[in-house]
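Open the structure in your viewer and keep the sequence beside it. Follow the stops in order, selecting as you go.

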Amino acid sequence: MENCIFCKIIAGDIPSPRYYEDDKIIIIKDIQPQAKLHYLCIPKTHFALLSEMDEEKLEIVKYCFKTIPTLEEKLGLQDGYRVIINQGVNGGQTVPHLHIHLLGGEKLDA
């Protein structure tokens with residue numbers, strides 16, 4: 001999508017350090033962190049909501065959740081982390097491109 005900030009980051013039009021990248025996802029730091037460590041796992045395929053998933057997008061989300069645990073040590077999340085997917089305006093989603101927040105590096109309040 002031409003106006004999507006995450007699509008621009010994925011395309012390299014907006015520079016952002018990548019803590020992980022492969023052919024399906026990238027992981028970057030959140031620019032407004034809510035914890036000592038706050039990463040975003042962003043699928044390279046653009047879609048905004050879980051309700052938009054078809055079989056292909058379901059496989060991408062599944063891939064995200066399969067890959068994230070393999071990166072715990074690399075990202076400094078080995079002592080535990082929170083996983084969040086905001087959905088829609090009322091759910092706090094500020095960028096309409098599905099992404100997974102990973103928060104850690106400290107004890108998080110319930």
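Start with Tyr81. Its bridge partner in strand 5 is Gly104. Keep in mind that this is a predicted model.

**Stop 1: the edge pair**

Now select residues 81–84, which make up strand 4. Strand 4 pairs with strand 5 in the antiparallel sense, over 4 bridges. Strands of a sheet pair through backbone hydrogen bonds, either parallel or antiparallel.

**Stop 2**

In what order do the 5 strands of the open sheet stand? The order is 1-2-3-5-4, and the pairing is antiparallel. Strand 1 (20–21) and strand 4 stand at the edges. Each has a single partner strand, so one side of each is left without a neighbour in the sheet.

**Stop 2: strand 5**

Select residues 100–104, strand 5. How many of the residues of strand 5 are buried? The count is 5 of the 5, so strand 5 is largely enclosed by the rest of the structure. Look along the strand. Ile100, Leu102 and Gly104 point one way. His101 and Leu103 point the other way. In a regular strand the side chains alternate between the two faces of the sheet.

**Stop 3: across to strand 3**

Strand 3 covers residues 37–43. Strand 3 and strand 5 pair in the antiparallel sense over 5 bridges. Pick His38: it stands opposite Leu103 in strand 5.

**Stop 5**

Next, select residues 25–29, strand 2. Strand 2 is joined to strand 3 by 5 bridges, and the two run antiparallel. Find two of the partners: Lys29 bridges to Tyr39 in strand 3, and Ile25 bridges to Pro43 in strand 3. Strand 2 is mostly covered, with 4 of its 5 residues buried.

Now go to strand 1. Strand 1 and strand 2 form a hairpin, with 3 residues between them. Their antiparallel pairing runs over 2 bridges. Tyr20 has Ile27, in strand 2, as its bridge partner.

**Stop 6**

In soluble globular proteins, nonpolar side chains tend to be buried together. Show side chains for Ile27, Tyr39, Cys41, Leu75, Leu77, Ile100 and Leu102. Of the 13 residues in the largest nonpolar core, these touch the most other members. Which elements give two or more residues to this core? They are strand 2, strand 3 and strand 5. Strand 3 gives the most, with 3 residues.

Then find a second, separate core. This one has 10 residues, among them Cys4, Phe6, Cys7 and Ile26.

**Stop 4: the largest pocket**

Rolling a probe the size of a water molecule over the atoms shows where empty space is left. The largest pocket holds about 460 Å³ of space. Select Asp30, Ile31, Gln32, Leu40 and Thr94. Of the 23 lining residues, these are the closest to the pocket's centre.

Which elements supply at least two residues of the lining? Helix 1 (5–11), strand 2, strand 3 and strand 5 each do. Helix 1 gives the most, with 3 residues. Colour the lining by type to finish: 11 residues are nonpolar, 10 polar and 2 charged.

Technical notes
Residues are numbered from 1 along each chain as its sequence is written. This is a predicted model: local features need pLDDT of at least 70, side-chain atom pairs count only at pLDDT 80 or more; totals for chains, interfaces and linings use all residues. Side-chain values use heavy atoms; hydrogens and water are left out. A nonpolar core is a set of buried Ala, Val, Leu, Ile, Met, Phe, Trp, Tyr and Cys residues joined through side-chain atoms within 4.5 Å. Buried means under 20% relative accessible area, exposed over 50%, partly exposed in between (1.4 Å probe, protein chains only). On a 1 Å grid over the protein atoms alone, a cavity is a set of points where a 1.4 Å probe fits but cannot get out, and a pocket is an open set with protein on both sides within 12 Å along at least five of seven lines; lining residues have an atom within 4 Å of a point. Grid points are joined across faces, edges and corners, and a volume is the space filled by probe spheres set on the points. Ala, Val, Leu, Ile, Met, Phe, Trp, Tyr, Cys and Pro count as nonpolar, Asp, Glu, Lys and Arg as charged, and the others, Gly among them, as polar. Two strands pair if DSSP finds at least two bridges between them.
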